[in-house]
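Look at the structure first, then read on.

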Amino acid sequence: MQILLAPMEGLLDAPLRDILTRAGGVDRCVSEFIRVTERLLPERAFRRIMPELEFGARTPAGTPVRGQLLGSDAACMADNAARLVELGSPGVDLNFGCPAKVVNRHGGGAALLQDPEHVHRVVKAVREAVPAHTVVSAKMRLGFDDDALAEDNARAIEAAGANELVVHGRTKAHGYRPPAYWDRIAHVREAVGIPVVANGEIWTVDDARRCLSESGCSAIMLGRGMVADPGLALAMRAELGWPACPGDAGRTWADWDALQPLVHRYWRLIQPRVEPRHQAGRMKQWLNFLRRRHPQAEDAYQALRTLSDSRQVTAWLDAHIARGHQGDPGHEVGDNHACAPLAV
């Protein structure tokens with residue numbers, strides 16, 4: 001019974017991993033993809049995407065983070081996987097699910113699902129390049145234009161030596177349009193012997209319950225659903241009777257008052273990592289998700305919607321959003337790094 005936090009390029013990065021794992025209920029995170037082309041990346045490229053490498057590959061809340069690679073050259077992926085593990089990632093995740101046109105145009109992400117043999121070569125090369133005890137996992141969609149090769153791709157991933165498979169219940173052609181086809185995840189799960197994690201369109205506890213039932217999986221990966229409702233993982237554990245994660249006792253993020261310190265913390269974390277002209281946009285991006293669950297976030301979103309100056313955003317947040325007090329998991333403790341050790 002596990003809840004994983006999804007990798008989402010341009011959204012679920014290190015600052016938001018910090019925030020959502022502080023909210024609790026998450027067993028493990030996967031980083032956004034580290035893009036691999038034709039060379040061994042410099043160390044700074046890994047640390048830029050996965051700064052948690054500086055702190056034992058864990059978020060400040062102590063949640064493990066697994067680095068994800070995206071690319072199509074098997075030998076180059078293998079070299080970079082070995083480097084990622086040397087830098088401290090407890091495993092390597094491989095991206096066969098990204099639907100972005102710029103990625104697919106260069107043969108990466110979901111585009112590889114058109115050729116299960118190529119998928120096999122990439123996974124096999126990575127498996128052979130890292131120590132035997134290192135977990136190699138993969139995340140795939142049901143397919144590219146259709147789901148005809150879903151089982152073939154899953155079997156190719158397993159045969160190449162992967163230890164775990166996350167399946168997003170849509171094809172590349174589906175994009176993020178609902179629904180997610182959780183019943184097709186069940187077919188993929190039945191085709192392989194490795195653990196399969198269900199992913200896609202899980203916004204509520206009821207969604208999670210139906211996804212588990214239809215997919216037959218015992219683990220779920222949350223993405224946009226937890227971005228919109230940081231308390232979702234905790235609520236799932238409570239309502240589904242799953243055991244709590246270490247450190248989760250007493251935590252609750254169901255109401256806006258409890259969330260406000262995390263909003264402040266997120267704003268502080270993105271400032272050193274995001275160009276000033278994009279900082280307000282990142283804050284508004286998260287508030288846009290939060291307003292699906294919290295009416296008060298709608299008020300904040302509307303108030304900040306036309307602001308682009310980070311100083312104005314800071315002033316509004318200071319005046320209208322509570323910071324919390326010493327001892328709150330969201331309390332600002334002076335660590336400017338997104339992955340500084342938890343000090344609460």
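What volume does the second largest pocket have? Its volume is about 400 Å³. The model is predicted: local features need pLDDT of at least 70, side-chain atom pairs count only at pLDDT 80 or more, and totals for chains, interfaces and linings use all residues. Residues are numbered from 1 along each chain as its sequence is written, and side-chain values use heavy atoms, without hydrogens and water.

A pocket is an open set of points on a 1 Å grid, where a 1.4 Å probe fits, with protein on both sides within 12 Å along at least five of seven lines; lining residues have an atom within 4 Å of a point. The volume is the space filled by probe spheres set on the points.

The second largest pocket is lined by 15 residues, and Glu9, Glu32, Arg48, Ile49 and Arg273 are the closest to its centre. Two elements give two or more residues to this lining: β2 (28–35) and α2 (43–49). β2 gives the most, with 4 residues.

Now the helix pair. The axes of α1 (residues 14–23) and α11 (residues 256–270) come within 9 Å and cross at roughly 155°. The two helices are therefore roughly antiparallel (angles over 145 degrees). Contact means heavy atoms within 4.5 Å. α1 brings Pro15, Leu16, Asp18, Ile19, Arg22 and Ala23, while α11 brings Leu262, Arg265, Tyr266, Leu269 and Ile270.

Here are the residue classes of both sites.

Notes: Axes fitted to C-alpha atoms, helices over the stretch in contact; angles between N-to-C directions. Parallel < 35°, antiparallel > 145°, perpendicular 65-115°, else oblique.
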